[in-house]
Amino acid sequence: MRRILLLIFSLVGATFLITSAVMLGVFHQQTASMVPVEGAIADWQGDTPVIAYELNGETYETQMSVSSSIHWAVGSPYRLMADPENPTHAMDYFLVLMGGIFGAMALLLLTVGFTVWIVMGRGARRREELLQYGLRTTAVITELKLNRSVQVNHRNPWNIIASCTHPSTREEMTVRSHMVWKPAVAVGDTVDVAFDPMDERRYAMDIPEETR
């Protein structure tokens with residue numbers, strides 16, 4: 001499951017990254033012969049701003065193709081790219097803005113994906129160490145609880161709830177497993193629980209899972 005999660009985050013992140021690169025590439029191609037100009041909002045046609053700007057000593061107006069639900073005041077600055085050879089042809093920085101947003105989302109998804117990979121791997125290693133070196137006892141499963149707060153590929157993991165006696169303190173305890181995707185156990189079954197001999201609060205449950 002750790003690999004599946006990393007693959008999902010990586011694929012979605014790569015899709016956003018490619019989309020960002022395409023948007024920025026299109027903007028660069030379309031504005032290769034243009035120069036930046038400082039314009040201002042002259043009017044609104046519905047939700048679409050009309051921008052006035054100066055180029056080569058002349059004043060021009062152009063209506064943007066992107067609408068906005070926020071109406072900035074007339075006279076508000078609005079930066080454009082305009083073509084000196086065709087002064088009425090101008091573009092705003094919408095593609096740059098969207099490319100930046102998609103790029104930031106890609107970076108976030110990739111970061112989250114690798115963080116989940118590292119954290120889940122660290123948790124798995126700690127469980128393996130406890131199961132190998134911890135103080136073992138037997139626990140009776142009392143509940144299989146579906147974890148609805150986590151969903152991957154329209155599937156939710158399970159947490160196994162069990163009761164046992166601590167092997168050192170002899171205290172009756174209720175223990176909860178890590179996330180298990182295909183538990184091969186049922187209520188009433190027994191499982192091993194390994195406790196950390198240095199920290200009675202740390203434990204790992206040995207939960208068998210279906211391999212198919």
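Student: Which residues have the most contacts inside the largest nonpolar core?
Tutor: Ile160, Val175, Val191, Met205 and Ile207, in a core of 14 residues. A nonpolar core here is a set of buried Ala, Val, Leu, Ile, Met, Phe, Trp, Tyr and Cys residues joined through side-chain atoms within 4.5 Å. Buried means under 20% relative accessible area, exposed over 50%, partly exposed in between, with a 1.4 Å probe and protein chains only.

Student: Which strands supply at least two residues each?
Tutor: S6 (135-146), S7 (158-165), S8 (172-176) and S9 (190-196). Strands (E, at least two residues) and helices (H or I, at least four) are DSSP runs, numbered from the N terminus.

Student: What does methionine 205 touch?
Tutor: Its list includes Leu131, Ile160, Val175 and Val191, leaving out residues up to four places away in sequence. Contact means heavy atoms within 4.5 Å.

Student: How far can I trust this?
Tutor: It's a predicted model: local features need pLDDT of at least 70, side-chain atom pairs count only at pLDDT 80 or more, and totals for chains, interfaces and linings use all residues. Residues are numbered from 1 along each chain as its sequence is written, and side-chain values use heavy atoms, with hydrogens and water left out.

Student: OK. What is the strand order in the sheet with S8?
Tutor: S8-S7-S6-S9-S10, an open sheet with antiparallel pairing. Strands pair if DSSP finds at least two bridges between them. S8 and S10 (199-206) are the edge strands. The twist averages 40 degrees from one strand to the next.

Student: How many bridges join S9 to S10?
Tutor: Five. Phenylalanine 195 stands opposite tyrosine 203 there. Helix H2 (residues 94-133) packs on this sheet, touching S6, S9 and S10, and its direction makes about 95 degrees with that of S10. Axes are lines fitted to C-alpha atoms, for helices over the stretch in contact; angles run from 0 to 180 degrees between N-to-C directions.

Student: Which strand has threonine 48?
Tutor: S2.

Student: Is threonine 48 buried or exposed?
Tutor: Buried, at 14% relative accessible area. Beyond four places in sequence, threonine 48 contacts Asp43, Gln63, Met64, Val66 and Ser67.
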